[in-house]
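Hello,

Here is the structure we talked about handing over. My notes follow below it.

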Amino acid sequence: MIRVRENYNLKAHNTFGMNAACKYFVESDQEKELLEFITDYELDPEEIIILGGGSNFLFTTDFSGVVFYPLMEGYTVLQEDEHEVSVQVGSGVVWDDFVAWAVEHEYYGIENLSLIPGHVGATPVQNIGAYGVEVKEVISGVQAIDLQAGEVVRFHADQCRFGYRDSIFKHEWKNRFIITYVIFRFSKQPHFNLNYGSIREEVERLGELSLANVRQAVIRIRNTKLPDVKVWPNAGSFFKNPMVLKEQADTLLERYPQLPLYPVDEERVKVAAGWLIEAAGWKGKGIGNAGVHDKQALVLINKGGANGVEVAHLANEIKKSVFLKFGIWLEPEVNII
Ligand code: EPU
């Protein structure tokens, strides 16, 4: 059933725990209801937010527009043979519940993405990634409501222009589509991705190489590095790892031989933003109630009672000092409203 609320506080809908109200909050698990709603109202794309778990938003102010909160549920197996399975999943499903489900069913491909907060519907938008895996590797399609045309559409993964923490839904198609279902294709043949960081060692500590143990290893690593949102409200990595040209990286390496770099293509490399922030002296520090996590400097935290402006101010100070030291501008990964 559709529910429309006016002047609604989003505190419970953003993992930074900011107090911010929106003009309208529209919640539904039915495409038909949302289609009816949008034909009755004229919506300005600038005045729309499509919200999942709220783990990638920093509200610095109230929002005078409409927040859509799609809650489509369920897993539907569309196709299955001995090698592969194709599953359609509702956008309102909690991502980590889905990962647990896939692991239980012995479907390979998303175990490294365990414990990432948020809902399934947001995963294609920012092409979530962790420990050497990006969700684009298993997404085969996306179903959405086109707010402009007033109809349900389906996209093939190729149309989504996935990149590092990026897709077309952040650019040309921003706020045009409410994603309602995501279609995933998993392999049923055992294969693992254990090359990132200490995953392999953690799995070995747990015992045999299995999907369940890889999931457990990722959960353990995340729990030691990343702050629990219930204790330290946060939105995960606040910044993206910046891409720089190889020449710039080589110059930096001469001065900072320990700088962690990840090759992207012939010309570009990605630099570990957490390392830059730590080297600029911010790890475990902060300004007022806005802080930098002491175990992973890429994560900004609300130490209690911080408002969005304070966190945004801290982010700006970090950006400035990283630029002054390294000549690199960090770009936020979170949406700042
Ligand atoms: N590092 C530091 N100091 C820090 C943090 C990191 O020196 O305070 C160094 C680490 O030692 C390592 C490198 O930076 O050499 C990379 O660190 P890490 O493996 O923790 O990953 P990250 O690049 O900082 C990215 C994702 C995370 C994801 C991890 C693991 C982005 C923006 N972030 O972080 O995603 O969990 O890799 O794959 O790409 C998120 O998006 O919210 C998120 C947590």
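I began with a hairpin: strands E15 and E16 form one, with four residues between them. E15 covers residues 261-263, and three bridges join this strand to E16 in an antiparallel arrangement.

Methionine 243 has lysine 270 of E16 as its bridge partner.

Please keep in mind that this is a predicted model.

Now the whole chain. The protein chain has seven helices and 20 strands. Its radius of gyration is 20 Å, close to the 20 Å that the globule rule gives for 337 residues, so the chain is as compact as a globular protein of that length. Along the principal axes, the C-alpha atoms fill a box of roughly 60 × 50 × 40 Å.

Burial and contacts come next. Of the 337 residues, 50% are buried. Take the contacts between residues at least 6 apart in sequence: 61% of them join residues at least 24 apart.

Arginine 165: 
- This residue lies in the loop between strand E11 (151-156) and strand E12 (177-187).
- Is arginine 165 buried or exposed? Its relative accessibility is 15%, and the cut-off for buried is under 20%, so arginine 165 counts as buried.
- Leaving out residues up to four places away in sequence, arginine 165 touches Gln126, Asn127, Ile128, Gly129, Glu134, Lys170, Lys240 and Glu333.

Lysine 295: 
- This residue is found in the loop between strand E18 (290-292) and strand E19 (299-302).
- Lysine 295 has 46% relative accessibility and therefore counts as partly exposed.
- With residues up to four places away in sequence left out, lysine 295 touches Thr224, Lys225 and Lys283.
- Lysine 295 and leucine 226 are 69 residues apart in sequence, yet their C-alpha atoms are 7.1 Å apart in space.

Best wishes

Conventions
Residues are numbered from 1 along each chain as its sequence is written. This is a predicted model: local features need pLDDT of at least 70, side-chain atom pairs count only at pLDDT 80 or more; totals for chains, interfaces and linings use all residues. Side-chain values use heavy atoms; hydrogens and water are left out. Helices (H or I, at least four residues) and strands (E, at least two) are DSSP runs, numbered from the N terminus. The radius of gyration is taken over C-alpha atoms; the globule rule is 2.2 Å times the number of residues to the power 0.38. Buried means under 20% relative accessible area, exposed over 50%, partly exposed in between (1.4 Å probe, protein chains only). Contact means heavy atoms within 4.5 Å. Two strands pair if DSSP finds at least two bridges between them.
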